[in-house]
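Hi,

Here's the structure I said I'd pass along.

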Amino acid sequence: PQLIKSYSAGDRSGMLKLVCQSSKFTYYLIFAVALPVLLETPFLLGLWLKKVPDYTILFTRLVVINAVVESLANPLAAAIQAYGKIRNYNLAVGGFILLILPVSYLFLKLGFPPETVFYVSIIICAIAVLVRLLFVRKCVGLSLRMYLKSVVLPVLAVTVVATIFPMLLEANISYGFIRFVTVVAASVLMTGLSVFLLGLTPNERQSTLRFVDEKLHIGKLLANK
């Protein structure tokens, strides 16, 4: 709604800022859940299924990675909806995503392993994000440089930095409940710190601190009552 409102009011720069912020924050929220799931997939599936079928762990991880990639797409789609002319956009992006089926079939026909379907999906979905970005640039003027600086670089920095410590823990602690709890806690902590220190602009950090301070203040008032 804010994107559409900004575009309707002629606030193009405000709308583009919202597109970039929405892309970042959506990614961060999905990544915060995805990281511990990716690292502790065997333990989680073991709790759920007891006897885990072949390929299930790999398939689950690839589906989660695909969801993380796709998280960047929705704010771009919202920008196009604000623009209003969505026919060519839907034809291009929808047609491109439909390629997953014939391309996967071709690879399977050539004897590639079943997980190839998910690799194809991840690659095509990643390219589809680029296609969406090109449409947004053409329709509403979002520059590729702005998107790279405001979204791609912070997202990559957070992903790399937040992953290192939990991966080290996962590799050096014996499989079990203790490792699961430790890795999940480390993943959440490192993701939060990385987002705050690397993934936000100075103004966004100040806004976050004010938001937390307001919530804590309200909490104290309610506790006193």
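This is a predicted model: local features need pLDDT of at least 70, side-chain atom pairs count only at pLDDT 80 or more; totals for chains, interfaces and linings use all residues.

Let's start with α9 and α10. Helix α9 covers residues 144-172 and helix α10 covers residues 177-199; their axes sit 8 Å apart at an angle of about 155°. With angles over 145 degrees counting as roughly antiparallel, that is therefore what α9 and α10 are to each other. Their crossing is right-handed. On the α9 side, the residues in contact include Pro154, Val158, Phe165 and Leu169, and on the α10 side they include Arg179, Val183, Met190 and Leu198. Sorted by class, the residues of this contact come out as 13 nonpolar, 5 polar and 2 charged.

Now for α2 and α4. Helix α4 runs over residues 56-70, and it packs with α2 at an angle of about 165°, the axes being 9 Å apart. So this pair, α2 and α4, is roughly antiparallel as well, but here the crossing is left-handed. From α2, Tyr27, Ile30, Ala34, Val37, Leu38 and Leu39 take part, and they meet Arg61, Val64, Ile65, Ala67 and Val68 of α4. The contact of α2 with α4 has 10 nonpolar residues, 1 charged and no polar ones.

While we're on α2: is Ser23 buried or exposed? Ser23 belongs to this helix, which spans residues 12-39. Its relative accessible area is 0%, so Ser23 counts as buried. Leaving aside residues up to four places away in sequence, Ser23 touches Leu72, Pro75, Tyr147 and Val151.

Then the aromatics. There are 11 aromatic pairs in total. In one of them, Tyr27 and Phe31, the ring centres are 5.9 Å apart and the planes are at 10°, so the pair is stacked. Tyr27 and Phe31 are both in α2, 4 residues apart, which is about one turn of the helix. Both Tyr27 and Phe31 are buried. A pair with another geometry is Phe107 and Phe112: with ring centres 5.0 Å apart and planes at 90°, it is edge-to-face. Phe107 has 28% relative accessibility and so counts as partly exposed; Phe112, at 39%, is partly exposed too.

Back to Tyr27 and Phe31 for a moment: together with Phe25 and Tyr28 they form one aromatic cluster. Tyr27 is also one of the α2 residues in the contact with α4.

Cheers

Technical notes: Residues are numbered from 1 along each chain as its sequence is written. Side-chain values use heavy atoms; hydrogens and water are left out. Axes are lines fitted to C-alpha atoms, for helices over the stretch in contact, and angles run from 0 to 180 degrees between N-to-C directions. Helices (H or I, at least four residues) and strands (E, at least two) are DSSP runs, numbered from the N terminus. Angles under 35 degrees count as roughly parallel, over 145 as roughly antiparallel, 65 to 115 as roughly perpendicular and the rest as oblique. A crossing is left-handed if the near helix is turned anticlockwise from the far one by less than a right angle, and right-handed if clockwise. Contact means heavy atoms within 4.5 Å. Ala, Val, Leu, Ile, Met, Phe, Trp, Tyr, Cys and Pro count as nonpolar, Asp, Glu, Lys and Arg as charged, and the others, Gly among them, as polar. Buried means under 20% relative accessible area, exposed over 50%, partly exposed in between (1.4 Å probe, protein chains only). Rings of Phe, Tyr and Trp (its six-membered ring) pair if their centres lie within 6.5 Å; planes under 30 degrees apart count as stacked, over 60 as edge-to-face and the rest as tilted.
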